[in-house]
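This briefing is intended for a reader new to the structure shown below. Please consult the sequence and the model together while reading the points that follow.

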Amino acid sequence: MNDQSQVEALATARIDIARLEVEVGHLTRGMVDLQESNQQLTAKLDQVLLTLSEARGGWKTLMVVGGAASSAGAAVAWIIQHLGKA
């Protein structure tokens with residue numbers, strides 16, 4: 001190889017290295033954006049799970065109240081039916 005071809009090869013290598021550095025920079029920024037997005041999604045998922053766990057407790061309470069009310073209504077209906085015959 002002569003000196004001119006070595007200089008050209010070195011210049012080409014430097015250009016290729018600069019391109020790779022730019023690509024790595026873009027990939028790094030993209031990775032940071034993905035991590036931030038992942039953190040936001042995780043926070044939203046935690047909120048959804050918290051809401052569901054609170055709703056689950058609310059449904060249990062409503063079922064107990066509904067069951068108690070229906071039992072009381074049945075008891076009142078039974079008493080009225082039996083006192084009405086007497």
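Glutamate 23 lies in helix α1; helices (H or I, at least four residues) and strands (E, at least two) are DSSP runs, numbered from the N terminus. Glutamate 23 is partly exposed, its relative accessible area being 47%. Buried means under 20% relative accessible area, exposed over 50%, and partly exposed in between (1.4 Å probe, protein chains only). The model is predicted: local features need pLDDT of at least 70, side-chain atom pairs count only at pLDDT 80 or more, and totals for chains, interfaces and linings use all residues. Residues are numbered from 1 along each chain as its sequence is written, and side-chain values use heavy atoms, with hydrogens and water left out.

**Distances along the chain**
- Between glutamate 23 and glutamine 81, which are 58 residues apart along the chain, the C-alpha separation is 84 Å.
- Isoleucine 15 also belongs to helix α1 and, at 46% relative accessibility, counts as partly exposed.

**Overall form**
- The protein chain contains one helix and zero strands.
- Its radius of gyration (taken over C-alpha atoms) is 37 Å, well over the 12 Å that the globule rule gives for 86 residues, so the protein chain is more spread out than a compact globule; the globule rule is 2.2 Å times the number of residues to the power 0.38.
- Along the principal axes, the C-alpha atoms of the protein chain fill a box of roughly 125 × 15 × 10 Å.

**Surface**
- Buried residues account for 0% of the 86 residues in the protein chain.
- The protein chain has an accessible surface of about 7,700 Å², and carbon and sulfur atoms contribute 67% of that surface; accessible areas come from the Shrake-Rupley method with a 1.4 Å probe, and for residues only the protein chains shown count as cover.
- A nonpolar surface patch is formed by Leu45, Val48, Leu49 and Leu52, which together have about 370 Å² of accessible area.
- Patches are made of residues with over 30% relative accessible area and no salt bridge, where like charges are joined within 9 Å and nonpolar side chains (Val, Leu, Ile, Met, Phe, Trp, Tyr) within 5 Å.
- Leucine 49 is located in helix α1 and is partly exposed at 49% relative accessibility.

**Salt bridge**
- One salt bridge is found in a search of the whole structure; the term denotes a side-chain nitrogen of Lys or Arg within 4 Å of a carboxyl oxygen of Asp or Glu.
- This contact joins the side chains of arginine 19 and aspartate 16 at 3.5 Å, N to O.
- Both arginine 19 and aspartate 16 lie in helix α1 (residues 3-85), three residues apart, about one turn of the helix.
- Arginine 19 is exposed at a relative accessible area of 52%, whereas aspartate 16 is partly exposed at 35%.
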